[in-house]
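Dear colleague,

Here is the structure I promised to pass on to you. Please look through it first, and then read my notes below with the model open beside you.

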Amino acid sequence: MGKGHKDRIAVITGAAAGIGQAYAKRLAEDGAHIVLADIDDASDTLALVRAAGRDGLAVRCDVSNEDEVMHLAEQVKVRFGHCDILVNNAGIFPNQPFDSIDFAQWRRVMAINLDSMFLTAHAFVPGMRERHWGRIVNMASNTFSTPVTGYAHYIASKGGVIGLTRALASDLAADGITVNAIAPSLTRTVGTTITNPRSEERFARVSAHQAIPRIQVPDDLVGTLSFLTSDDAAFTTGQTLYVDGGWVRT
Ligand code: NAD
C-alpha cells in the first residue's frame with residue numbers, strides 16, 4: 001500500500017478510460033477512495049476501484065464547464081466530505097495542421113486541457129487548505145519539449161499546464177499542498193488508438209526517440225503518480241516529471 005494513501009479521497013478527471021483509468025486503479029490499490037469525473041460512463045473504472053476494496057463514486061462532469069465542476073465538488077462533499085488528492089488528467093489531443101485550426105477548436109482545447117485545471121483547483125483547494133494537506137497532479141505532455149507538428153493548440157495548452165503547476169506550487173505551499181505535473185511520451189490508450197487514433201508507424205517513430213525504445217503504456221505512469229500523491233513527496237513541488245522512456249532530458 002502506498003505511503004500516506006490509506007483512506008485519502010482522490011478525485012481523478014478523465015477516469016473512464018486510458019491513463020485516468022490506470023491511475024484510479026493504482027490509487028485504489030494504494031488505499032485511496034476514488035471519485036471518477038468524466039463526460040463518459042466510468043462504470044468499468046468504478047468496478048476496478050471496488051475490486052481493489054475501496055469506495056468509489058462516478059460523476060458525469062465536463063471539466064471545462066464551471067457549473068459542472070461545482071456540481072462535482074458538491075457530490076464529493078456529500079459523499080466523502082473533502083478531496084485530498086486531485087489528479088487533473090482529462091484532456092483532448094486533436095492532430096490538426098496549424099492553418100486548419102479555427103478559433104473555436106483552439107478555445108475548446110484550451111478549455112478542456114487548461115481552463116479545467118483552474119476550475120478544479122478553485123473547487124478543491126479551499127478544502128485542502130483547511131486540512132493543511134493536499135496533492136495536485138496535472139497531466140502535461142513531452143510534446144511541450146519535442147519537435148512534433150500539428151499540435152499548436154495542444155502544446156500551447158500543455159505549456160499552460162506546466163506554467164499553472166509552477167505558479168500554484170508557490171501559491172499553495174504554505175498550506176501543505178504540493179502541485180506537480182507528469183509529462184508522458186505517446187502512450188497507447190483509448191484516445192491514441194480508438195477515439196483519435198495514431199498509426200502504428202507513428203507509435204514506432206515516436207518510441208524510437210526514447211532511450212527505452214518501446215511503446216509507452218498507462219502502467220508506465222502509475223508509480224510516478226503514486227509517489228507524487230504520497231507523504232514521501234511532501235518536499236517535491238512545482239516539478240514536471242518527464243516519464244517518457246528517457247526522450248526528454250531536463
Ligand atoms: P483518453 O482519450 O484515452 O482518455 C481521456 C478521458 O478523458 C476519456 O475518458 C474522456 O471521456 C475524458 N474526457 C475528455 N474530455 C473530457 C471533459 N471535457 N470532461 C471530462 N472528461 C473528459 O486520453 P489519455 O490518452 O488517457 O490521456 C490522458 C491525459 O494524458 C490527457 O491530458 C493527455 O493530454 C495526456 N497525455 C496523453 C498522452 C498519450 O499519448 N495518450 C501523451 C501525453 C499526455
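Strand 6 (residues 177-184) and strand 7 (residues 240-243) run parallel and are joined by four bridges, where strands and helices are DSSP runs numbered from the N terminus (strands E, at least two residues; helices H or I, at least four) and two strands pair if DSSP finds at least two bridges between them. Within this pairing, isoleucine 182 has leucine 241 of strand 7 as its bridge partner. Strand 6 is also joined to strand 5 (residues 134-139), parallel again, by six bridges, and there valine 137 stands opposite asparagine 180.

This is a predicted model, in which local features need pLDDT of at least 70 and side-chain atom pairs count only at pLDDT 80 or more, while totals for chains, interfaces and linings use all residues. Residues are numbered from 1 along each chain as its sequence is written, and side-chain values use heavy atoms, with hydrogens and water left out.

In a regular strand the side chains alternate between the two faces of the sheet. In strand 6, Ile177, Val179, Ala181 and Ala183 point one way and Thr178, Asn180, Ile182 and Pro184 the other, and all are buried (under 20% relative accessible area, with exposed over 50% and partly exposed in between; 1.4 Å probe, protein chains only).

Strand 1 (residues 9-13) is largely enclosed by the rest of the structure, because five of its five residues are buried. Strand 1 pairs with strand 2 (residues 33-38) in the parallel sense over five bridges, and isoleucine 9 has histidine 33 as its bridge partner there.

Best wishes
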